Amino acid sequence: MDMSRNTFVDRTFTAGELQPEQLRQAEFEHCTFRQCNWMGADLSNARFTDCVFEHCDLSNVKVGGTGFRSVRFKGCKLLGVPFDHCNTFLLAMAFEECRLDYAVFRSLALKATRFIGCHLREVDLSGADLSKSDFSGSDLSGAIFDGTVLTDADLRDAHHFNIDPERNRIKGAILAVHGLPGLLLKYGIRVED
C-alpha cells in the first residue's frame, strides 16, 4: 500500500465521519459506508476495494482515476456520475435499487454487472460491454445504447428501453414479450397485448 495515501481497512463509516479532504486519493479496503452524503465530492484517484455503499448520496462526484474494485452500491443516489473517468483496472461494480440517472458508462468493460431495481434514466451506455449483465426491474427510459454489447444480457424485467438491434450486439439477450417494443421502435412496429 502507498503510505502517502490515507488508508482504511475493515472499517464502517456513517454519515459525517469522513471529511471531503480525506476522500481524495484515499484507499479503502473491505469498508462499508452507510448514509454518507458525498454529493459533488472529489474522489479522484481514490481506491475502493471490496467495499459496500448503503444508502449514500454520491451524485455528481468526481471520479477521475478512481478505482472501484468489487464494489456494491445498495439504495444509493449516483446521479450524473461519469464512471467512464474511473480507473478501469479491475473495475467491477454491482448496483441494487440505485438511482443512476444521467450516469455515464461509455466504453467500459462491465461484463456480468448487476443493475437490480435501478433507475437508469438517460444513462449513457454507448460502447460499453455489458454482456451477461442483469437489468432486472430496472427503468432504462432514455438510456443511450449505441455500439453497446448486450450479448446474453438479462433484460426480462427491464422496462422503457429502446435498443436498435442493428447498432448494438444483442445475440443471446433474454427479453420478455413486454420488452419487444423497445427493439422494434426503430421499425415503426407496434406490439400490442
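## Asp-124 and its surroundings

Take contact to mean heavy atoms within 4.5 Å. Leaving aside neighbours within four places in sequence, Asp-124 then touches Ala-103, Val-104, Phe-105, Arg-106 and Ile-144. This is a predicted model, where local features need pLDDT of at least 70 and side-chain atom pairs count only at pLDDT 80 or more, while totals for chains, interfaces and linings use all residues. Residues are numbered from 1 along each chain as its sequence is written, and side-chain values use heavy atoms, with hydrogens and water left out.

Asp-124 sits in the loop between β9 (115–116) and α2 (181–184). Helices (H or I, at least four residues) and strands (E, at least two) are DSSP runs, numbered from the N terminus. Is Asp-124 buried or exposed? Asp-124 counts as buried because its relative accessibility is 9%, with buried meaning under 20% relative accessible area, exposed over 50% and partly exposed in between (1.4 Å probe, protein chains only).

## The chain overall

Two helices and nine strands make up the chain's list of elements, and they run in the order β-β-α-β-β-β-β-β-β-β-α. Of the 193 residues, 47% count as buried. The accessible surface comes to about 9,600 Å², 48% of it belonging to carbon and sulfur atoms; areas come from the Shrake-Rupley method with a 1.4 Å probe, and for residues, only the protein chains shown count as cover.

## The nonpolar core

In soluble globular proteins, nonpolar side chains tend to be buried together. Here a nonpolar core is a set of buried Ala, Val, Leu, Ile, Met, Phe, Trp, Tyr and Cys residues joined through side-chain atoms within 4.5 Å. The largest one has 54 residues, and Phe-33, Phe-83 and Phe-105 touch the most other members. Strands β7 (67–74) and β8 (87–96) each supply at least two residues of this core.

Phe-83 has quite a list of contacts beyond four places in sequence, including Val-63, Phe-68, Met-93, Phe-95, Leu-100 and Phe-105.

## Aromatic pairs

Rings of Phe, Tyr and Trp (its six-membered ring) pair if their centres lie within 6.5 Å; planes under 30 degrees apart count as stacked, over 60 as edge-to-face and the rest as tilted. That gives 22 aromatic pairs. Phe-48 and Phe-53 have ring centres 5.4 Å apart and planes at 65 degrees, so they go down as edge-to-face.

Phe-48 also pairs with Phe-68, this time stacked, at 5.5 Å centre to centre and 10 degrees between the planes. That pair links distant parts of the chain, with Phe-48 in β5 (residues 47–49) and Phe-68 in β7, 20 residues apart. Phe-48 is buried at 0% relative accessible area, and Phe-68 is buried at 2%.

## Salt bridges

The structure holds eleven salt bridges, each a side-chain nitrogen of Lys or Arg within 4 Å of a carboxyl oxygen of Asp or Glu. In one of them, Glu-27 meets Arg-47, with the closest N and O atoms 3.6 Å apart. Glu-27 belongs to β3 and Arg-47 to β5, 20 residues apart. Glu-27 is buried at 5%, whereas Arg-47 is partly exposed at 23%.

Back to Asp-124: its side chain meets that of Arg-106 in a salt bridge (2.9 Å, N to O). Arg-106 lies in the loop between β8 and β9 and Asp-124 in the loop between β9 and α2, so the pair ties together parts 18 residues apart in sequence. Arg-106 counts as partly exposed, at 38% relative accessibility. Shared partners join Asp-84, Arg-106 and Asp-124 into one salt-bridge network.
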